[in-house]
Amino acid sequence: MSVDTTMNVLIVDDYATMLRIVRNLLKQIGFNNVDEASDGAQALQMMRLKKYGLVISDWNMEPMTGIQFLREVRCDDGLKETPFIMVTAESKTENVVEAKKAGVSNYIVKPFNSDTLKGKIAGVLGQF
Amino acid sequence: MSNVKAGLETQIRKALSEKTIPPQLGAVGSNVGTLMSSWPSDKGLYVELKRLAAFIEQTKAEIAALRPDEVKLAFLPKATDELDAIVKSTAEATNRIMDAAEVISGVADKIDAEGSGKLMDAVTSIYEACSFQDITGQRITKVVTTLKVIESRIDQMIFSAGATGEIAVPVSAVSSPESLSDAELLNGPALPGQGRSQEEIDALLGF
């Protein structure tokens, strides 16, 4: 099954520059319907108003961190099936283990390149 | 100290001879005598106390010479401001680079396929490289957090030395790896060799 690049994608990061980078990389991959949120709480609110086919979130954010956001998504019957990729500089084993326990779909460690992003999206959604 | 010992022995001997205390307590007197004889002499104890007092005074003088108030009120805030300025200026520079990259990307859409492909590859590399700003920002945040910890330790040191005359060792909460809180999981970018690579993370996740 090939990836539907017309789907809505939500990117979440408290660094505006990082949102811009991910948005541009997604655009190059073919995703044009991309929304942005600057923390987990705002992202959660947006997910309850609009359906997203993919969430790409940072971990280290305030007030709601990426891991808390992921747990909230997985606890919500209406959202729990949403593919969720964590893109973060947190690269310690305990972080990866905790993310897996919380139900992350894939995990990308920063800094990353376009090929890694595309590969992980393909791993979650299917080949392009 | 020997005066005390001698006084005690005299009192005990006198009480025993006058039979004002039970004879069994004679053994107590003997034990007290043994204990007293193993204590430092008056002079030795005095020398030790004097050395201890000198050490405390020296420590206080050294703390004062460090000018902890200056460190707390001037150096640390200045260092924090400088670091904030680095984050701000790198963010501005990154945004300017991204502006230029987006213009190039727009041009790439209007030219022939071969040229467009090359330009887009270059633009992708620029985007990837720009993520340094996020990593730099997170590293600087870690440094600022460390500076705040140092500030707090200095406060503790001043308080401990001033209030009790000795440096109290702060008891830090040590968590077991099995019970890490969300806050303890916020470590930011790891230094080379300390974190996991993407390949290791993939292996951990089993993806």
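How many salt bridges does the rule find across the interface of chain A and chain B? The rule finds five across that interface, a salt bridge being a side-chain nitrogen of Lys or Arg within 4 Å of a carboxyl oxygen of Asp or Glu. This is a predicted model, in which local features need pLDDT of at least 70 and side-chain atom pairs count only at pLDDT 80 or more, while totals for chains, interfaces and linings use all residues. Residues are numbered from 1 along each chain as its sequence is written, chains are lettered from A and ligands numbered from 1 in the order in which they are written, and side-chain values use heavy atoms, with hydrogens and water left out.

**The interface of chains A and B**

- Chain A contributes 38 residues to the contact and chain B contributes 35 residues, where contact means heavy atoms within 4.5 Å.
- About 3,300 Å² is buried between the two chains, and carbon and sulfur atoms give 55% of this area; buried area is the accessible area (1.4 Å probe) that two parts lose on being put together, summed over both.
- A:Tyr15, A:Arg20 and A:Gln28 supply 19% of the area that chain A buries against chain B, more than any other three residues.

**Salt bridges**

- Over all chains, the count by this rule is 15 salt bridges.
- One of them joins the side chains of A:Arg20 and B:Asp99, at 2.3 Å from N to O.
- This pair crosses between chains, from helix α1 of chain A to helix α4 (residues 68–108) of chain B; helices (H or I, at least four residues) and strands (E, at least two) are DSSP runs, numbered from the N terminus.
- B:Asp202 forms a salt bridge with A:Lys120, and their closest N and O atoms are 2.7 Å apart.

**A helix pair across the chains**

- The axes of helix α4 (residues 93–102) of chain A and helix α7 (residues 198–205) of chain B come within 10 Å and cross at roughly 40°; axes are lines fitted to C-alpha atoms, for helices over the stretch in contact, and angles run from 0 to 180 degrees between N-to-C directions.
- α4(A) and α7(B) are therefore oblique to each other, since angles under 35 degrees count as roughly parallel, over 145 as roughly antiparallel, 65 to 115 as roughly perpendicular and the rest as oblique.
- In this pair, A:Thr93, A:Val96 and A:Lys100 of α4(A) meet B:Ile201, B:Leu204 and B:Leu205 of α7(B).

**Helix pairs within a chain**

- In chain A, helix α1 (residues 16–29) and helix α5 (residues 114–125) pack at an angle of about 65°, with their axes 10 Å apart.
- α1(A) and α5(A) are therefore roughly perpendicular to each other.
- Their contact is made by A:Leu25, A:Leu26 and A:Ile29 of α1(A) with A:Ser114, A:Leu117, A:Lys118 and A:Ile121 of α5(A).
- In chain B, α4(B) and helix α5 (residues 113–130) pack at an angle of about 160°, with their axes 9 Å apart.
- α4(B) is therefore roughly antiparallel to α5(B).

**Cis peptide bonds in chain A**

- Most peptide bonds are trans.
- The bond from A:Glu62 to A:Pro63 is cis, with omega near -5°, and A:Pro63 lies in the loop between β3 (54–57) and α3 (66–75) of chain A.
- A cis peptide bond also joins A:Lys110 and A:Pro111, with omega about -5°; A:Pro111 lies in the loop between β5 (106–109) and α5 of chain A.
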